[in-house]
Amino acid sequence: MKTIVIISAICVCVSAMTHEELKSGIHTLQSICMPETGATEQIANDVDDGKINIDDKNVLLYVECAMKKFNTVDDNGNFNEEVTRDIVRAVLDENETEQLITQCSPISDTDVHVKISKILQCFFKFRTVNDVLNS
């Protein structure tokens, strides 16, 4: 029940997300998605550094968990432009936000897990998780 409340709080505040709220949300989702997907701390650290091994199922599941809980993608891996825009504005200026949306929204793959990971890789062209956490 606590998990549902935390996730709901993250999703509700997305439209007005600040940099600090984004950092807090990232920490919360890491603690939820690691046990939920079987991801190790090393997997989480690698993803935070911008390294996504698309050949590792645990990495794909971990990334999918985080991306879905932030509502940047739906259950089918479809890019949620509006929510993504609201989130990335916490760390990107308007020009970078538009570039991210333009570059990342058309990404596709027949494997939904790979597609979601490719979208996150695209995000990392602009900022990695560690870039956000350390700024």
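Gln30 lies in helix H2, and because its relative accessibility is 14%, where the cut-off for buried is under 20%, Gln30 counts as buried.

The chain averages a pLDDT of 87, and 88% of the residues score at least 70. The stretch I would ask you to treat with caution is residues 1-14, over which pLDDT stays under 50; for that stretch the model has 17 contacts beyond four places in sequence. Where pLDDT is low, the predicted coordinates should not be read in detail, and I will therefore leave the contacts of that kind of region without further comment.

Now to the disulfides, of which the structure holds two. As a reminder for the discussion, a disulfide is a covalent bond between the sulfur atoms of two cysteines.

How far apart are the sulfur atoms of Cys33 and Cys65? In the model they sit 2.1 Å apart, and the two residues form a disulfide. This pair links distant parts of the chain, with Cys33 in helix H2, which covers residues 19-37, and Cys65 in helix H4, which covers residues 57-69, so that the partners are 32 residues apart. The angle about the S-S bond is -80 degrees, and the link of Cys33 and Cys65 is left-handed. Both of these cysteines are buried. Helix H2, then, holds Cys33 as well as the Gln30 with which I began.

The other disulfide is formed by Cys104 and Cys122, whose sulfur atoms are 2.0 Å apart. About the S-S bond the value is -90 degrees, and the link of Cys104 and Cys122 is left-handed.

Are Cys104 and Cys122 buried or exposed? Cys104 counts as buried because its relative accessibility is 0%, and Cys122 counts as buried because its relative accessibility is 3%.

Finally, if we count the bonded cysteines along the chain, the disulfides follow the pattern 1-2, 3-4; Cys33 is paired with Cys65, and Cys104 is paired with Cys122.

Notes: Residues are numbered from 1 along each chain as its sequence is written. This is a predicted model: local features need pLDDT of at least 70, side-chain atom pairs count only at pLDDT 80 or more; totals for chains, interfaces and linings use all residues. Side-chain values use heavy atoms; hydrogens and water are left out. pLDDT is the predictor's confidence in each residue, from 0 to 100. Contact means heavy atoms within 4.5 Å. A disulfide is a pair of cysteine sulfur atoms within 2.5 Å. Helices (H or I, at least four residues) and strands (E, at least two) are DSSP runs, numbered from the N terminus. Buried means under 20% relative accessible area, exposed over 50%, partly exposed in between (1.4 Å probe, protein chains only).
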